[in-house]
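Welcome! Please take a moment to look over the sequence and the 3D structure, and then read on for a short tour.

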Amino acid sequence: MVATTQTAKRPSAKRSTVALKYSMAVSGLIMLGYLLVHMYGNLKFFQGPEKFDSYLEGLDDILYPYLPHEGALWIIRVVLTTALVVHVYAAITLWRRNKAAAGFVGNTRYHTKQNKTGVQRSYASFTMRWGGIILLLFIIGHVAQMLPNWLSPGGASDSKYDRVVNGFELWWVVLLYTIGLVAVGFHLAHGFWSALTTLGQNHSSTRKSSRITAVSIGLAVIIAGGFLTVPFAVFFFGAGS
């Protein structure tokens, strides 16, 4: 009777893990799509304050009058927030399951002779777990900075263009922004490959032989580099001053 109960529970647990992996992959791809659009919008900074501010103000009326004022923006916000919550929840749940399966006792994992510390470590454990935490903090700080005069390092202004310039003239803001974007790059380099692999789009036997690997690295470089052009242009070359 006990054996039957255990057997019945196993498929459910497997399906749950697979569902979490799919949820994590899909939610990650949704946020990746937003990052590409957001990066394109950021590059409008180089067109000057009028076009940059008018572009951001124009976002309030996307699909108007088919949707009310800021209607499309609120849909995007809800979708992104949901994707972020699902992504973080799936990541934490899968990490806990993986931790339990890896033989952790307390805070100590099984040991090996493969490295000097004797603890198994992986590329994903560094870039996805700790990088994910840095990335989450970066998102919170970045959203707070873009809210109207809520968090305005360098000086408040009604112009988002001016707030961007004021903030990125400070070395510590540029440093924190760079750390956040480096975390984004590493997260994407592994995350995009992992997402497509989960969704069955990776048919290579090894990661090195997979074309998705090159695409993942390319996306990471393009997105991280694209976002960093604005703060570097302001801080190192005086753009917008």
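Predicted model: local features only at pLDDT ≥ 70, side-chain atom pairs only at ≥ 80, totals over all residues.

The protein chain has 241 residues, and 34% of them count as buried. Its secondary structure comes to seven helices and zero strands.

**Overall fold**
- Read from the N terminus, the elements of the protein chain follow the order α-α-α-α-α-α-α.
- If you take the contacts between residues at least 6 apart in sequence, 64% of them join residues at least 24 apart.

**Helix H6**
- Helix H6 covers residues 171–198, and its 28 residues reach 40 Å from the first C-alpha to the last.
- That reach is close to the 40 Å expected at 1.5 Å a residue.
- Along the way, H6 bends by about 30° at Leu-188.
- Just after H6 comes Gly-200, which takes a positive phi of about 80°.

**The second largest pocket**
- The volume of the second largest pocket is about 310 Å³.
- A probe the size of a water molecule, rolled over the atoms, shows where empty space is left.
- Its lining is made up of 14 residues, and those nearest the centre of the second largest pocket are Gly-141, His-142, Gln-145, Leu-176 and Tyr-177.
- Helix H4 (123–146) and helix H6 (171–198) are the elements that each give two or more residues to this lining.
- By type, the lining of the second largest pocket has ten nonpolar residues, four polar ones and no charged ones.

How values were computed. Residues numbered from 1 in each chain as written. Heavy atoms only, no water. 1 Å grid on protein atoms, 1.4 Å probe; cavity = no way out; pocket = protein on both sides within 12 Å on 5 of 7 lines; lining within 4 Å. Points joined across faces, edges and corners; volume = space filled by probe spheres on them. Helix = DSSP H or I, 4+ residues; strand = E, 2+ residues; numbered from the N terminus. Nonpolar A, V, L, I, M, F, W, Y, C, P; charged D, E, K, R; others polar. Expected span 1.5 Å × (residues − 1). Bend = angle between axes of the 7 residues up to and from the residue. Buried < 20%, exposed > 50% of the residue type's maximum accessible area, 1.4 Å probe, protein only. Contact = heavy atoms within 4.5 Å.
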